[in-house]
Amino acid sequence: MSGARLSASKVFVTGLQVQAQIGVYRHEIGRVQPLIVDVELDVPTADTDRLADTVNYETILKAAQDIAEAGHIDLVETFAHRLAARCLEDARVVRARVRIEKPLALAPHAVGAGVEITVERG
């Protein structure tokens, strides 16, 4: 890119499907439910063709799966905060936006419900 300066990039994963034990209601305890996860990370980058120089989006998949497999979580907010914290473990990530949708939360009255958080390195 002649004359252009790359100042930041967004690494994102959308529509990631995770099965998790989540919920506070009696009918949710001990039951696995689907979550749909969207993550967007702001990272400063340079023009590169090396995977090691980037934030690999497979790490987002692994973090979401690890959180889901760790056991029951009451709230989607908790899931979102844990995932954002895992994303910020990479020092290159300056901002993480995490959206967790729980498709069965209000079924059949709504397609989904959930939470979206944004966390910035402080």
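1. Tyr-25 is exposed, because its relative accessibility is 54%. The cut-offs: buried means under 20% relative accessible area, exposed over 50%, partly exposed in between, with a 1.4 Å probe and protein chains only. Tyr-25 sits in the loop between strand S1 (9-21) and strand S2 (32-43). Its C-alpha atom is 20 Å from that of Ile-67, a residue 42 positions away along the chain.

2. A word on the basis. This is a predicted model, in which local features need pLDDT of at least 70, side-chain atom pairs count only at pLDDT 80 or more, and totals for chains, interfaces and linings use all residues. Residues are numbered from 1 along each chain as its sequence is written, and side-chain values use heavy atoms, with hydrogens and water left out.

3. Next, the fold. The protein chain has 2 helices and 4 strands. From the N terminus the order is β-β-α-α-β-β. Helices (H or I, at least four residues) and strands (E, at least two) are DSSP runs, numbered from the N terminus. The C-alpha trace spans about 60 × 30 × 25 Å along its principal axes.

4. Of the contacts with a separation of 6 or more, 62% join residues 24 or more positions apart. Contact means heavy atoms within 4.5 Å. Buried residues make up 34% of the 122 residues.

5. Surface and charge. The accessible surface is about 7,700 Å², and carbon and sulfur atoms hold 52% of it. Areas come from the Shrake-Rupley method with a 1.4 Å probe; for residues, only the protein chains shown count as cover. There are 14 positive and 17 negative side chains, and the centres of the two sets are 3 Å apart. Lys and Arg count as positive, Asp and Glu as negative; His and the chain ends are not counted. Each charge is placed at NZ of Lys, CZ of Arg, CG of Asp or CD of Glu.

6. Which residues are closest to the centre of the largest pocket? The space in this pocket is about 200 Å³. Its lining has 14 residues, and Tyr-25, Glu-28, Val-76, Lys-102 and Ala-105 are the closest to the centre. Helix H2 (76-88) and strand S4 (113-120) each supply at least two lining residues. S4 gives the largest share, 3 residues.

7. Pocket criteria. On a 1 Å grid over the protein atoms alone, a pocket is an open set of points where a 1.4 Å probe fits, with protein on both sides within 12 Å along at least five of seven lines; lining residues have an atom within 4 Å of a point. Grid points are joined across faces, edges and corners, and the volume is the space filled by probe spheres set on the points.

8. Val-18 belongs to strand S1. It counts as buried because its relative accessibility is 4%. Beyond four places in sequence, Val-18 touches Gln-33, Pro-34, Leu-35, Val-37, Ala-64, Ala-68 and Phe-79.

9. Is Val-93 buried or exposed? Val-93 is buried, with 0% relative accessible area. It lies in the loop between H2 and strand S3 (95-102). Leaving out neighbours within four places, its contacts are Leu-41, Asp-42, Val-43, Val-55, Cys-87, Leu-88 and Arg-121. Val-93 and Asn-56 are 37 residues apart in sequence and 11 Å apart from C-alpha to C-alpha.

10. Ile-29 is in the loop between S1 and S2. Ile-29 touches Gly-23, Val-24 and His-72, not counting residues up to four places away. Pro-108 is in the loop between S3 and S4. A cis peptide bond joins Ala-107 to Pro-108, with omega about 5°. Most peptide bonds are trans.
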